[in-house]
Amino acid sequence: MRHRLILLLCCWWCSLAHAAPPGRTVSVGVYDNAPKVYIDARGRADGILIDLLREVARNEGWKLTFVHCKWAQCLEALEAGTIDLLPDVAWSEERSRRFDFPQVPALFSWSQLYRRPDMPIGTVASISGKRIAVLSGSIQERYFADFASGFGAAPKLLPVASVAEGFELVRSGRADAAVASKFAGDFHAKRYGIVETSIMFQPVRLFYAAGKGRNGELLATLDRKLGAWQADPDSVYFSILDRWESRGLLARVPNYVWWGSGLILALLGTTLGLAAWLRRQVGRKSGALKETEQRLATILDSVDSLVYIKDSASHYRYANRALHAFLGLPGHEVIGRSDADLFAPAVAARVRHDDLRAMEQRQRIVTEETVPDAQGRAITLLTTKIPLSREDGSLSGICGISIDITERRAAEEANRIAATVFQSAEGMFIASPERRILRVNQAFCEMRGCGPDEMVGSPLPPFSLVRDGTSANQAMWEAVERSGKWQGEVWYRHPHGESCPMRLTVTAVHDDRGRLTHFVGTQGDISAQKRAQEEIVQLAFYDPLTGLPNRRLLHERLQHCLKAGERRTQGAALLFLDLDHFKDLNDLYGHGAGDRLLCLVTRRVVDCTRAGDTVARLGGDEFVVLLENLAGGENEASLQVAATGEKILAAVREPFDLDGQLHHATCSVGAVLCRDGATDIDTVMRQADMAMYAAKRDGRNTLRFFHHGMESEVSRRHALEAELRAAQDGMGLALLYQPQVDDGGRIVGAEALLRWESPSRGQVGPAEFIPVAEACGLITTMGRWVLRSACAQLAAWAGQAGMHHLLLAVNVSVHQLRQPDFVDMVLQTVAEFRVTPSLLKLELTESVLIADIDDTIVKMHALKQAGLSFALDDFGTGYSSLSYLKRLPLDQLKIDRSFVRDILDNPNDAAIARSIVALGRSLGLGIVAEGVEVDAQRRFLAEIGCDCYQGYLFGKPMDAGALAALLRAQTETALPRDGA
């Protein structure tokens, strides 16, 4: 039964669909991936998924024909339509563009690493350099490479055609380990004498797939059958799974893996390998500590910086791999030794001096140190030294981090020298009255590309006044002899054929009697100046990143277009584009990746427009397309604009290759027609901008045309913002309190909920005014008001009998948490109202796990040390990362009301709730269930271990007086019932 529950958790529930017509012949591709699908020794199709399909066929009257093929051949046949269905296909974004998938998965699996018994592979870091066999061209291959890279591991991948081939390579010693799905791996492991490791990754849903646009009725039937079977534990679905289990294929899965995988899959499948490792280490604290230290060492060994720890006598107690390599010594020859043992006395004395300075000052210092490396080269290091203290405050030593800046310093020196050379880079020559060169400096020779010996005695090289023009030497000499001087821009042609602009000055030198004795000339290469002039023009009118016209040039062209529109019947339109979630790309991969995406988007947008149209970049991720010469009336012009906009949307939706990483992007487009004599640029731009934001609000990745109702909506939002600003001092804002009860029904606390009574609009819901407050920056001010009001209420309860024990939960926005003074503000407020810190609980949403997690953890720990507690709200609905969750100093997890609402009817919601409770227990956290409305929900939650509840069953949000009355009226033992 336990195996059934776990397998049931791996499947998704779907709605019913229409069945395929009876009596149909269905062609099914079969490749060798036992036990899910394969050809047995008698040449018959067999496997879990084959048995399930035969049962569907028997019920629907289908006739199945099986086609044996290799994996890649099966995919090609499915795409070409020569087979109707292919079992055991994992869903991916790329495959969804080639094939159709049903809604209900047939199975849920994951990938695991298998090794020879004598091969020590225990952690992801240990696979570096190992030969790993993996199915060629599979999702596993790409995912495993990224998975290993994320841990800093670099295994050598050996592509194979089948799992059996990979396991044979491991058995024969030609590979160290192999990647396989859990079902296939356990099926083959015993036969090949290899064992599983604790490294698990890539949870996948496995489907029966069909060709794109083909056999939709077959997929609908599979949805209907699988959905009904998976909802019934006594169905044929589980009978088939039990039959394969009795054959020993599923029974070999260890119990800890079933339970661990079920928990992790219920939590969105994140951090599978880490969760499995944690479950295996429960109760073995010494092993956990050792593994944690190993992981920390792996992280430190993966960085290029030199990281070390010394005791107070400057003896090394820790040194990372980079420092070992720098010194050319193994670790055991570094630990315990001092700098005096490793460096010359003068070097050691300077390093020791800096060590002592950091310890004496008891603060971090940053200094530059010059020390020799293993090859004796003098290396300049930028070093940060941090004093380390024991619990009693005494100094235990220092931690140092050193970065090699030798190349940077060398580059700075080279730049200084280059600047000096540039100052004397003017070319000079002296010529005789016969116009023959007598002497030149090195700069002149370099400009001409020849040596002094070649230049002396020769005439001045020919030049022209325009590029690639005829020689102007004679005219120049005549002007010098006539006026004594000539100066101008000329073009020289280098011996290798390239024309170069120069600034040439030639002066005639006469003796005391007025006779011509010499000509003195100077020339300078003005190529850079010419390029700078061109760049000035480029920068003035074009975007430096994409080369597109900028805002200034767009305005000029738009103004010309609007004025021209007054004189002709042809119209114009403006498209305003903004990339969706562009900031997320910058945050995840850096601004370099964002710049590359902008350039790629530029090319695609330009390709979607005509030669006479203007594509401009306003800045950031905003683009504008000016469409001119639109023929026909307004309807016809609108159709042309919509066609161009949809073409752009489709082009941007196609995946982008960012240095080998596929990135999917979308954009929102606003459109406005420049008709009816519109001549105001700002009005047209503003209208297009409003249409673009309307597209954002309508779900993004879409096109919206401007209409005057949008101005009304913007005005309404501005008015709402203005009223909110007027309410900053608390006018119209109020806190209501919803009780939280323990498993005995006793009120133990409450959650403070913000409400706003607008003078002109009446009561405005949080869903309407909170986003406006966040968008206009009022959320932090509003959050301060909420915190102060909550602390004032706690102070009032402290003096009331029966109320002083209540714990009050206050929601904190991510915007508040990111404020630099957030911790000080909270602590000052608590101190001002003399509130017991342990009675104040701050509730955070999972959005705190997305960005700047390290800063969040530091602030949470500071408040935790002051006595405050934390709860994670809406758990399971957002970014649930176990790797971050275990680092947060939380006290409670809150089960979101979306899971509680259907917990009695939806097995998935029930399973998620169980998993959250189990996770909370394993982390030592309390559990609060939100949205409890009926006693049956409370009883179910109590049975699975939930110890605190909140919802209408116990009380709606109420003012403080009503909460006090409810607490007085509450009996010590009674639990609320339905309708209470």
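The legends below describe close-up views of a predicted model.

**View 1. An edge-to-face pair of Phe-101 and Phe-207.**
By the ring-pair rule, the model holds 10 aromatic pairs. In one of them, the ring centres of Phe-101 and Phe-207 are 5.6 Å apart and the planes meet at 75°, so the pair is classed as edge-to-face. Phe-101 belongs to the loop between β6 (99–100) and β7 (107–115), while Phe-207 belongs to strand β11 (residues 195–211), so the contact ties together parts that are 106 residues apart in sequence. Phe-101 counts as buried because its relative accessibility is 17%, and Phe-207 counts as buried at 2%. The cut-off for buried is under 20% relative accessible area.

**View 2. Phe-167 and Tyr-192, a pair between helices α6 and α7.**
The centres of the Phe-167 and Tyr-192 rings lie 6.2 Å apart with the planes at 80°, so this pair is also edge-to-face. Phe-167 comes from helix α6 (residues 163–171) and Tyr-192 from helix α7 (residues 182–192), so parts that are 25 residues apart in sequence are tied together. Phe-167 is buried, with 0% relative accessibility. Tyr-192 is likewise buried, at 11%.

**View 3. Arg-604 over the ring of Phe-656.**
The view shows the charged end of the Arg-604 side chain and the aromatic ring of Phe-656. The charged end sits over the ring, 3.6 Å from the ring centre.

**View 4. The cis peptide bond between Ala-34 and Pro-35.**
Most residues other than glycine have a negative phi, and most peptide bonds are trans. The bond from Ala-34 to Pro-35 is cis, and its omega is near 5°. Pro-35 is placed in the loop between β1 (25–30) and β2 (38–39).

**View 5. Positive phi at Asp-88 and at Asn-701.**
Asp-88 is not a glycine, yet its phi is positive, near 65°. This residue is part of strand β5 (residues 86–90). At 4% relative accessibility, Asp-88 counts as buried. Asn-701, which is not a glycine either, has a positive phi of about 55°. Asn-701 is found in the loop between α25 (681–697) and β29 (703–705). Asn-701 is partly exposed, because its relative accessible area is 26%.

**View 6. A polar contact between the side chains of Gln-740 and Gln-950.**
Gln-740 is in strand β30 (residues 733–742). With a relative accessibility of 2%, Gln-740 counts as buried. The side chain of Gln-740 makes a polar contact with the side chain of Gln-950, at 2.8 Å.

**View 7. A nonpolar patch on the surface, formed by Met-428, Val-509 and Val-520.**
Together, Met-428, Val-509 and Val-520 have about 200 Å² of accessible area. Val-520 is located in strand β22 (residues 516–525). Val-520 counts as partly exposed, because its relative accessibility is 31%.

Key
Residues are numbered from 1 along each chain as its sequence is written. This is a predicted model: local features need pLDDT of at least 70, side-chain atom pairs count only at pLDDT 80 or more; totals for chains, interfaces and linings use all residues. Side-chain values use heavy atoms; hydrogens and water are left out. Patches are made of residues with over 30% relative accessible area and no salt bridge: like charges are joined within 9 Å, nonpolar side chains (Val, Leu, Ile, Met, Phe, Trp, Tyr) within 5 Å. Accessible areas come from the Shrake-Rupley method with a 1.4 Å probe; for residues, only the protein chains shown count as cover. A salt bridge is a side-chain nitrogen of Lys or Arg within 4 Å of a carboxyl oxygen of Asp or Glu. Helices (H or I, at least four residues) and strands (E, at least two) are DSSP runs, numbered from the N terminus. Buried means under 20% relative accessible area, exposed over 50%, partly exposed in between (1.4 Å probe, protein chains only). Rings of Phe, Tyr and Trp (its six-membered ring) pair if their centres lie within 6.5 Å; planes under 30 degrees apart count as stacked, over 60 as edge-to-face and the rest as tilted. A charge sits over a ring if NZ of Lys or CZ of Arg is within 6 Å of the ring centre and within 35 degrees of the ring normal. A polar contact is a pair of N or O atoms within 3.5 Å; within protein, one must be able to donate a hydrogen and the other to accept it, and residues adjacent in sequence count only if both atoms are side-chain atoms.
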